[in-house]
Amino acid sequence: MIIQNNKGNVLFIILIAVALFAALSYVVSSSFRGGTSGITDEKARVAAGELLRKMDEISQGFHFLWTQRECSMDDISFQHPATAPHDCDIFHPDGASISYPDNLLDYQDNPQSLAGVFRFVNPAYWVSGAQAPNYYVVGLGTTAQELMMRLLYVKKEICENINKLVNPEITVMPSVPETATSPATTGNDPLEAELAGKRKGCRKMFHATLGEAHQAFFVIQEF
């Protein structure tokens, strides 16, 4: 009886080992099949939600300074790190006290420039906006430039999931034509028809040296 039990135990262990090996082989093969992606759809969906929340926090900080603290448009500062005076600084404890995200690189791919930083486009050219005096979204307010933030070189999968979350009716990624002048800053002026009336979303652009790239935008205030 003891010998039979040992044989049974050995057979059971072998079966478990075979099952584990099969599972491991499936995981490895799956990872190779999706190797070019670099990020799973689930992780991309979570990252898209996180990035949108970070942008929304900054937007809320702006509206707090504008409506509650009554800072003027010219006084509100998006500088990071903040520069004195601080009462109307988005990213300073004495202002809106919004924490500047320190992990923006996690959302980007191959960012040779503007790595880990938001770009803010606004009528007064507060931060990095001088190259985009007419950057606006069709169907929002007037044809004046919107106050918006953008993150360039967003990972493709995250960009796709941003549109799935906020613009589910968009099934094809809006794209800036390769012939556009300075697509990273002005792109199609205004934003593509697919994004008309959208306060947030993502689109594809073509960069002369980096090739295909993606950018997320979030309108803070329309004019």
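Guide: Helices here are DSSP runs of H or I with at least four residues, and strands are runs of E with at least two. The model is a predicted one.

Visitor: How many helices and strands are there in the chain?

Guide: By that rule, the chain has three helices and four strands. Read from the N terminus, the order is α-α-β-β-α-β-β.

Visitor: What makes Cys 71 and Cys 88 a disulfide?

Guide: The cut-off is 2.5 Å between cysteine sulfur atoms. The sulfur atoms of Cys 71 and Cys 88 are 2.1 Å apart. That is within 2.5 Å, so the pair counts as a disulfide.

Visitor: Why is the disulfide of Cys 71 and Cys 88 called left-handed?

Guide: Look at the torsion about the S-S bond. It is about -85°, so the disulfide of Cys 71 and Cys 88 is left-handed. Both Cys 71 and Cys 88 lie in the loop between helix H2 (41-68) and strand S1 (119-121), so the pair ties together parts that are 17 residues apart in sequence. Cys 71 and Cys 88 are buried.

Visitor: How do you know that a disulfide joins Cys 159 to Cys 202?

Guide: The S to S distance is 1.9 Å. The limit is 2.5 Å, so Cys 159 and Cys 202 qualify. This link is left-handed, with -115° about the S-S bond. It connects distant parts of the chain: Cys 159 sits in helix H3 (residues 156-166) and Cys 202 in strand S3 (residues 200-207), 43 residues apart. Cys 159 and Cys 202 are buried.

Visitor: How many disulfides does the count come to?

Guide: Two disulfides. With the bonded cysteines numbered in sequence order, they pair 1-2, 3-4.

Visitor: Why is Ser 59 called buried?

Guide: Buried means under 20% relative accessible area. Ser 59 has 8%, so Ser 59 is buried. Ser 59 lies in helix H2. Beyond its neighbours within four places in sequence, Ser 59 is in contact with Met 149, Phe 218 and Ile 220.

Visitor: What makes Val 117 count as partly exposed?

Guide: Its relative accessibility is 29%. Buried needs under 20% and exposed needs over 50%, so Val 117 falls in between. Val 117 is in the loop between H2 and S1. Not counting residues up to four places away in sequence, Val 117 touches Tyr 100, Leu 104, Arg 150 and Leu 151. His 80 is 37 residues from Val 117 in sequence, but 9.2 Å away in space, C-alpha to C-alpha.

Visitor: Which residues touch the most other members of the largest nonpolar core?

Guide: Leu 51, Ile 58, Phe 78, Ile 90, Phe 118, Ile 158 and Ile 162 do, in a core of 35 residues. At least two residues of this core come from each of H2, strand S2 (147-152), H3 and strand S4 (211-221). H2 gives the most, with nine residues.

Visitor: Which residues is Ile 58 in contact with, leaving aside its neighbours within four places in sequence?

Guide: Phe 78, Ile 90, Phe 91, Ile 98, Phe 118, Phe 120 and Met 149. There is also a second, separate core of 10 residues, including Leu 140, Met 148, Ile 170 and Leu 195.

Visitor: How much of the chain do buried residues make up?

Guide: They make up 42% of the 223 residues. The accessible surface of the chain comes to about 12,100 Å², and 57% of that belongs to carbon and sulfur atoms. Of the contacts with a separation of 6 or more, 62% are between residues 24 or more positions apart.

Note on methods
Residues are numbered from 1 along each chain as its sequence is written. This is a predicted model: local features need pLDDT of at least 70, side-chain atom pairs count only at pLDDT 80 or more; totals for chains, interfaces and linings use all residues. Side-chain values use heavy atoms; hydrogens and water are left out. Buried means under 20% relative accessible area, exposed over 50%, partly exposed in between (1.4 Å probe, protein chains only). A nonpolar core is a set of buried Ala, Val, Leu, Ile, Met, Phe, Trp, Tyr and Cys residues joined through side-chain atoms within 4.5 Å. Contact means heavy atoms within 4.5 Å. Accessible areas come from the Shrake-Rupley method with a 1.4 Å probe; for residues, only the protein chains shown count as cover.
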